[in-house]
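The exercises below are meant to be worked with the sequence and the coordinates side by side. Try each task before reading the solution that follows.

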Amino acid sequence: LFSCKKANDIKPSEKKVAVTFNVSDFKQSVAEIEEISSVNTATSNKATPLKNLIKELWYVVYDSEGKEINRIMQSFSQKDFGCIADSLPPGNYTVVITGTVSNIGINSRYDFEEDIVIKLPLGEAYFEQVRGPDIFPDAEDSFFKKFALTVGSEEIEQSVSLDRIVGKLEINIQDAIPANAAYIAVELPNE
């Protein structure tokens, strides 16, 4: 005599809720170095189009335990660039959106022995420039936003403004450099 026990761990498919993120264009302030301390800095309220600064946009969403649920990559050539549409079951999530001018690898690594891509949990998340022997240019700009998201029964549409997370420093040495100088070091304290 055989009998089967009904498994209670099978959940009926949860209803998913539409979530849409509109990654906005950028407003920027520009100032010459010598003007930073003065009140005459040049400010532009004109928004810079997103595709002028970012060529790849990545969206990755994690559940409350830090497990990756979904990822979407957009290229600046796509018609809907900057509008990320997904659907998620009700719950608590962490959303990470990055944008760069060059190709990046985001939160995954390739296992050559198993021939699979391993997606890392939120606690190990990172992104890096994809490089070969000078195949891709250096990332000049990188933008990032990480935020908590609670999905209920209502659709969500939210604007997101990414933060620039890199800077560029130009140093013009106007004094004569001593002939016996082996190198010039510049240090910036990490604040």
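**Exercise 1.** Is L188 buried or exposed?

*Solution.* The model is predicted, so local features are described only where pLDDT is at least 70 and side-chain atom pairs only at pLDDT 80 or more, while totals for chains, interfaces and linings use all residues. Residues are numbered from 1 along each chain as its sequence is written, and side-chain values use heavy atoms, with hydrogens and water left out. Begin with the cut-offs: buried means under 20% relative accessible area, exposed over 50%, and partly exposed in between, with a 1.4 Å probe and protein chains only. L188 has a relative accessible area of 65%, and therefore it is exposed. Next, place L188 in the chain, where it is found in the segment after β14 (163-164); strands are DSSP runs of E with at least two residues, helices are runs of H or I with at least four, and both are numbered from the N terminus. Finally, look at the surroundings: L188 belongs to a nonpolar surface patch together with L169, I171, I173, I177, I184 and V186, and the accessible area of the patch is about 690 Å². Patches are made of residues with over 30% relative accessible area and no salt bridge, nonpolar side chains (Val, Leu, Ile, Met, Phe, Trp, Tyr) being joined within 5 Å and like charges within 9 Å.

**Exercise 2.** Determine where L88 lies and what is in contact with it.

*Solution.* L88 is part of strand β6, which covers residues 83-88. With a relative accessibility of 1%, L88 counts as buried. Taking contact to mean heavy atoms within 4.5 Å, and setting aside neighbours within four places in sequence, one finds several partners of L88, among them V17, V19, Y59, I69 and L149. V151 is another of these partners; the C-alpha atoms of L88 and V151 are 7.3 Å apart, although 63 residues separate the two in sequence.

**Exercise 3.** How many salt bridges does the count come to?

*Solution.* The rule asks for a side-chain nitrogen of Lys or Arg within 4 Å of a carboxyl oxygen of Asp or Glu, and the count comes to two. One of them joins R71 and E68, whose closest N and O atoms are 2.8 Å apart. R71 is found in strand β5 (residues 68-75), and its relative accessible area of 19% is why it counts as buried; E68 is buried as well. Another pairs D163 with K145 at 3.1 Å, N to O. D163 lies in strand β14 and K145 in strand β12 (residues 142-151), so this pair ties together parts that are 18 residues apart in sequence. D163 is partly exposed at 41% relative accessible area, and K145 is likewise partly exposed, at 24%.

**Exercise 4.** Which side chain of opposite charge is nearest to E56?

*Solution.* E56 is found in strand β4 (residues 56-62). Counting Lys and Arg as positive and Asp and Glu as negative, and leaving out His and the chain ends, the nearest opposite charge is that of R71, 9.5 Å away, and E56 is buried without a salt bridge. The side chain of E56 does make a polar contact with that of W58, at 3.0 Å.

**Exercise 5.** How many helices and strands does the protein have?

*Solution.* The protein has zero helices and 14 strands. Of its 191 residues, 27% count as buried. Among contacts with a separation of 6 or more, 63% are between residues 24 or more positions apart.

Methods. Areas by Shrake-Rupley, 256 points an atom, 1.4 Å probe, with all protein chains shown as cover. Polar contact = N/O pair within 3.5 Å; in protein donor to acceptor, adjacent residues only side chain to side chain.
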